[in-house]
Amino acid sequence: MEHDKEVDVMEKNTVLSLRGLVKQFDNVTILDGIDLDIRQGEVAVIIGPSGCGKSTLLRCINALEPVQGGEILLEGEPVVSGGKNLPRIRQKIGMVFQSYDLFPHLTVMDNITLSPRKVQKRSREDAEREARELLGRVGLSDKEKSYPRELSGGQKQRVAIVRMLIMHPEILLFDEVTAALDPEMVREVLDVMLDLAAQGRTMLIVTHEMNFARAVADRVIFMDEGHIVEEGAPDDLFDHPQTERARSFLNMFTFESVRAAKQPV
Amino acid sequence: MTWDAEMTKMLVDGLRDTLYMVVFSTLFGYILGLPLGVLLAVSDRDGIRPRRVLYRVLDIVVNILRSVPFLILLILVIPLTKLLVGKSYGSTATIVPLTIAAAPFIARMVESSLKEVDHGVIEAAQSMGASNRTIILKVLIGEARTSLIVGVTIALGTILGYSAMAGVVGGGGLGDIAIRYGYYRYETGVMIVTVVILVLLVQILQVLGMMLARLTDRRKV
């Protein structure tokens, strides 16, 4: 009895659960048996070399890619590509993409309110009220009538984050959201994400911003060749990686000073 | 033949008949072609609901219809025209073959317009739980509208050209006048006037269509 109760609490706290996830493209295995649990309020950051499958993993979680094996459970409910429950369950999974993917023909306001109105059938007034509130929080109150082309990359990405937040998702997926941005715009987007983390949101982030990962993550997951190779608290993983593969990956982000080796001028 | 009031009336009537045929054929062409084009775009391999067999069947049907020369189609569908309109000549009757010729051509243009919509934008809508219906109406058609409007302009111009061909079998309109007077009776003047009117029509349609397309385009400054 006691045990059952514990399991129950465990399941309630686990928002997302991946079991033996396998993804193949034309017989090439991209994800090779991924097991992962994300708890309520946890911020997990996935790092790894390009082509390791980290972006594909996020796309699978949102059923944008069909999987060839294993299962994805969101609050205990299976996420299956082409499944009947998919439109409903996807509303609980917010996703922000590297390329922003705002609707170019719609204003910022319409970009944000399209889904709450058309998918969740909320009234225009209600959706616009919340959109204004969220735009205010990311510092874009004056942009609601703008079109995406009139915004900078950082502004577009903040709009994309608002567009996701207005759906009230249970878990937020971020797929290299600053990878396409100029350095001076990276910060404004990362600040918004830090703010969300501080609010206790459940987040799964794929990024190459190692300093940001260290600051935001409760847990860092290192992936390589379709496997989770190593995971742990950020300070442990960054400062004392246990595996050779993680060590050599992290070494790419540090540089030895060349001054000592230089001949005296 | 001298230029008189009767002549002017004939040309005005011809212009009216031509516009009548072109507008209704395009309208019916879109009533058939738009859903067909959506179905093609959606059911193709990279579409939002891939249906291999359905796509192949539609693809082949559209190709067959598009490869029949319009003059042959005009004659082939006479039984159907008689069934629908009651006669096989005149401008109303010509709307039937014009629509049949236009629909598959329109479907292809709609398909290609919808396929131009950035896949990332579609995935963004999917990730928010949008149904295929919402994606088709709000994302695909909404985002492709500039291209769709250009398509309407092209369709109107092409159907105008077809409608002139229908003059050969007594289809009515300006093409009919050009053939009867200009070709059979060697009245070159009349033929030139009708051709000039047709050229002007295409020009006006083109300018208006492009203007509308530009006005609805939010993607560039």
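Across all chains, the structure holds 35 salt bridges, a salt bridge being a side-chain nitrogen of Lys or Arg within 4 Å of a carboxyl oxygen of Asp or Glu. One of them pairs the side chains of Arg59(A) and Glu123(B), with 2.6 Å from N to O. Arg59(A) belongs to helix α2 of chain A and Glu123(B) to helix α6 (residues 119-127) of chain B, so this pair joins two chains. As background, side chains of opposite charge can pair when their charged atoms come close.

Before going further, please keep in mind that this is a predicted model, where local features need pLDDT of at least 70 and side-chain atom pairs count only at pLDDT 80 or more, while totals for chains, interfaces and linings use all residues. Residues are numbered from 1 along each chain as its sequence is written, chains are lettered from A and ligands numbered from 1 in the order in which they are written, and side-chain values use heavy atoms, with hydrogens and water left out.

**Where the two chains meet**

Let us stay with the interface. Here 23 residues of chain A are in contact with 24 residues of chain B, contact meaning heavy atoms within 4.5 Å. About 2100 Å² is buried between chain A and chain B, and carbon and sulfur atoms give 60% of that area. Buried area is the accessible area (1.4 Å probe) that two parts lose on being put together, summed over both. On the chain A side, Phe103(A), His105(A) and Arg149(A) lose the most area to chain B, together 34% of what that side buries.

The count of salt bridges between chain A and chain B is one. Three residue pairs, with both residues at pLDDT 80 or more, are in polar contact between chain A and chain B. A polar contact is a pair of N or O atoms within 3.5 Å; within protein, one must be able to donate a hydrogen and the other to accept it, and residues adjacent in sequence count only if both atoms are side-chain atoms.

Which elements supply the chain A side? Those giving two or more residues are α3 (86-90), β6 (93-96) and α4 (108-118) of chain A. Helices (H or I, at least four residues) and strands (E, at least two) are DSSP runs, numbered from the N terminus. The largest share, three residues, comes from α4(A). By class, the side of chain A that touches chain B has 13 nonpolar, four polar and six charged residues. In this scheme Ala, Val, Leu, Ile, Met, Phe, Trp, Tyr, Cys and Pro count as nonpolar, Asp, Glu, Lys and Arg as charged, and the others, Gly among them, as polar.

**The sheets of chain A**

Four strands of chain A form an open sheet in the order β2-β1-β4-β5, with antiparallel pairing. In chain A, β2 (28-39) and β5 (77-78) stand at the edges with a single partner strand each, so one side of each is left without a neighbour in the sheet. Two strands pair if DSSP finds at least two bridges between them. Strand β1 (residues 14-25) of chain A runs antiparallel to β2(A), and nine bridges join them. Along this pair, Thr14(A) has Arg39(A) as its bridge partner, and Phe25(A) stands opposite Val28(A). The hairpin of β1(A) and β2(A) has two residues between the strands, and there Asp26(A) takes a positive phi near 45 degrees.

Chain A also has an open sheet of six strands, in the order β6-β7-β8-β3-β9-β10 with mixed pairing. Its edge strands are β6 and β10 (227-232) of chain A, each pairing on one side only. Strands β3 (residues 43-47) and β8 (residues 202-206) of chain A pair in the parallel sense over four bridges, and Val43(A) stands opposite Met203(A) in β8(A).

Axes are lines fitted to C-alpha atoms, for helices over the stretch in contact, and angles run from 0 to 180 degrees between N-to-C directions.

| Helix | Strands touched | Angle |
|---|---|---|
| α10(A), residues 244-251 | β3, β9 (219-224) and β10 of chain A | about 100 degrees to β9(A) |

**Chain B**

Chain B has ten helices and zero strands. Its C-alpha trace spans about 70 × 45 × 25 Å along its principal axes.
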